[in-house]
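Please open the structure in your viewer and keep the selection tool at hand. The tour goes step by step, and each stop says what to select and what is to be found there.

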Amino acid sequence: MTLLSGLIFTIGLGLLLIVVIKSLIFEQVLTGGIGSIILEQAPNDVGTANIVSSVLLAYRGLDTLGELTVLFVAATAVGLVLGQPRPDAPRDPDAGFILRSAADLLFPFMIILGAYIILHGHLTPGGGFQGGAILAAAFFIPILASPSSPLNHKVSSLVEGLAGSAFILIGLLALFDKGYFLAPLLGTGEVGELFSAGSLPLLYLAVGLKVGAELAGLLARLHETEV
Amino acid sequence: MLFWIALISVVVMLSAAVAVLLLENYLAATAALSVVSLALSVLFIVLQAPDVALTEAAVGAGVSSVILAITLRRVGLWKIEGEK
Amino acid sequence: MNAIWLVILPILGAFLLPLVYRQNTRVGTWIGPFILGLSLILAFGLWGDIAANGVQTILMGGFPAPVGIVFYVDHLALLFVIMLVLGTLVLWLGKEKGNIQEETLLLLIVAGGSGLVLSGDLFNIYVFYEIVAVASYGLAASRGSYAASLRFLILGALGSSLLLLGIALIYAITGTLNLAHLATHPEILQGTVGLTAFALILIGLGVKAELFPVNTWVPEVYTTASARISALLGGLISKMALLVILRLLVLLYDTSAAHLLLLTLGVLGVITGELAAMRATHLRQVLAYSSIGQLGLVAIAFSIPGPAGIIAGIALALHHALVKPALFMLTKAWGKQLSHLAGASQSLLTTILFLVLALSLIGIPPLPGFWAKFLLLKGALATNIAAYQMVITVVLIATVIETIYFMRIVRVMFNTKPPPIKAPALQELVPALVFVTLLFISVLNLGTIGKSLEIVATSAADKSIYMNFLPL
């Protein structure tokens, strides 16, 4: 019975989507779409070579703050469900020499890659979220290789809290300076330079640090509280 | 050329998605799930969305598979072999 | 004064809360109430501002309207923000201290709920909805009720993805996400695709608004989560989602098809909720089903075109937001099977509180519940559409069923044959007492409240005010 109703729902939704997609016109009736306006204005208004980051941090900066918050909410909820790790919980033995050396060797390269992606977010594809995920992986791989040396949760939650607040504070500075929350500050600079696009790289740095610390803390917490 | 890359990634994506449904071993299903994300990120590059592709590869194929795998281990469904 | 503070302050507080707690627990426990109090003062200040200077629109990042994100601050949105912040603040009273994660989630759910009603951009609404949704899954699991929370999560995730699909469809056919910009050409959204999008959005938002087909999580979560969380989710958060639906109806879907869709879901919700409440054997379950029914009434009211429906909807929503959290807080001491309530009338204060709240929920004349239902009937009668006039029967039948099950509970409470259960401590009654006091204050000021509600509703029903800020 349950299976049948699930099947009916799925088939119905599928048929509905087929009908809808067939009748879509992809014409974007109003103003030819917001997208074309942004493509035109972004380099002048915001000064990013990568248009996507101008949308993420300038035009829709509040959405990015919201996404950061969603991640924070999820991590907090997971922490609430998992509870505190017991100090006497049994730990896995360290992996063999090869794995540990490989993890140590990978660590600096992954940090550099993550930092590169975060800091060049306004120039090349990528940015805070992607770089943050790589940073988190960089911190998590050594934990997998040698579980006896766990992540320092105090440091990770400190970084996380401060980076999140830094994002909001930059937004509030813009509110006091220009009257609009999260307005781009510090001018646009020369498009394509590393130090350009005003306060956007700073915002991306905050996003990257927050996402990295958050995910690393989350993964480590999941790993530690294993039964 | 682009057409063939897109076609291959779509085929890989769909077959991996079906594999997720059919595989009995949860760990193997998780691996297949990350294959879906990886093929999707190739498709995003073909569609000229490198930002989205990077996100999909880092988050979809990377972090979320790791989270799933650790969760499987935590709830005791982590089995390398097919047997019980 | 800027309405962005209403969203930013709780988020900032939540980010810093774990750090402050580690430094100084004493300060940490006061951060939550302090921030909520500050938000409340801000919201009241903004209310005065708007009364004096008219509706405010806030551009994020200073980008003009259709390109950037816009916050639209009018009395209706502020009213719901004040309701949410004030309700959370009252529920904070007598809370066991020191659960950092729960306090963080409470702050974030307030931020998300405020953003949800203030935002004038569809994708931004989705982001805030997601904050609210994820926080409520976490809160629902806060007392170890993992199975209920997991089912809630699965249903909610399905709803969120359908909501996103609906928003994507709207963006695909119009090319914009700004509500006011969309409202300039509502005829684009009247076709198949537009109405499908509305149905998907309705299902998505309906998970939080407890609309008919997607409310199966309600009884399970409300019986297993702590009373405070049930009060918050059922009494306050659900209204935020309903307000977004109202905004969409007024601005984008001012057609009979969309109105009738919401009406149908509302009527089905009222009927199923009230009938299920009559069969329920658990006090929390009765309250959960009755909240499905009450929210169905709000949905019916919002589906009535024109300001009359909006007035009735706001009145019903505000009334339910006062009464239902108070009832949930009363069940904290005796949230068991109905038969366990025998002899609960020993505790005089609790009994009086319960009676007042139940009578108001049923709609007995001097209490505000009556006026809310009366406004709904008046609005429905004034439409001259057959479907709405049939609704009156549904509302009256629902009232009769409500009377039956509440009176059955009261009868059990006055049954003193078995040894009476122990009375709840006075401290636990504080939130309920505050809510009832607010209820009585509203009885005494019915005239002024009615008048200001009318102003709020007429300005909310007027599309042209909303679209004023567009530079077109």
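Predicted model: local features only at pLDDT ≥ 70, side-chain atom pairs only at ≥ 80, totals over all residues.

Begin by selecting residues 25-53 of chain C, which form helix α2, together with residues 100-118 of chain C, which form helix α4; the two helices pack at an angle of about 15°, and their axes are 10 Å apart. Because angles under 35 degrees count as roughly parallel, α2(C) and α4(C) are described as roughly parallel to each other. If you turn the view to see how one passes the other, the crossing of α2(C) with α4(C) is left-handed.

Staying with this pair, show the side chains where they meet: G32(C), I35(C) and L36(C) on α2(C) face E103(C), L106(C), L107(C) and V110(C) on α4(C). By class, the residues of this contact are five nonpolar, one polar and one charged.

Next, display chain A beside chain C, where the contact takes 47 residues from chain A and 48 residues from chain C. On the side of chain C that touches chain A, the elements giving two or more residues are α1 (5-23), α4, α5 (122-140), α6 (146-174) and α8 (192-209). Coloured by class, the side of chain C that touches chain A shows 30 nonpolar, 16 polar and two charged residues.

Which residues have the most contacts inside the largest nonpolar core? That core has 252 residues, and the ones to select are L242(C) and I245(C). Around I245(C), leaving aside residues up to four places away in sequence, look for L202(C), L205(C), A209(C), L262(C) and F302(C), which I245(C) touches.

Terms used
Residues numbered from 1 in each chain as written. Chains lettered and ligands numbered in written order. Axes fitted to C-alpha atoms, helices over the stretch in contact; angles between N-to-C directions. Helix = DSSP H or I, 4+ residues; strand = E, 2+ residues; numbered from the N terminus. Parallel < 35°, antiparallel > 145°, perpendicular 65-115°, else oblique. Left-handed = near helix turned anticlockwise from the far one by under 90°. Contact = placed C-beta atoms within 7 Å. Nonpolar A, V, L, I, M, F, W, Y, C, P; charged D, E, K, R; others polar. Core = buried A, V, L, I, M, F, W, Y, C linked by C-beta atoms within 7 Å. Buried ≥ 20, exposed ≤ 12 C-beta atoms within 10 Å, placed from the backbone.
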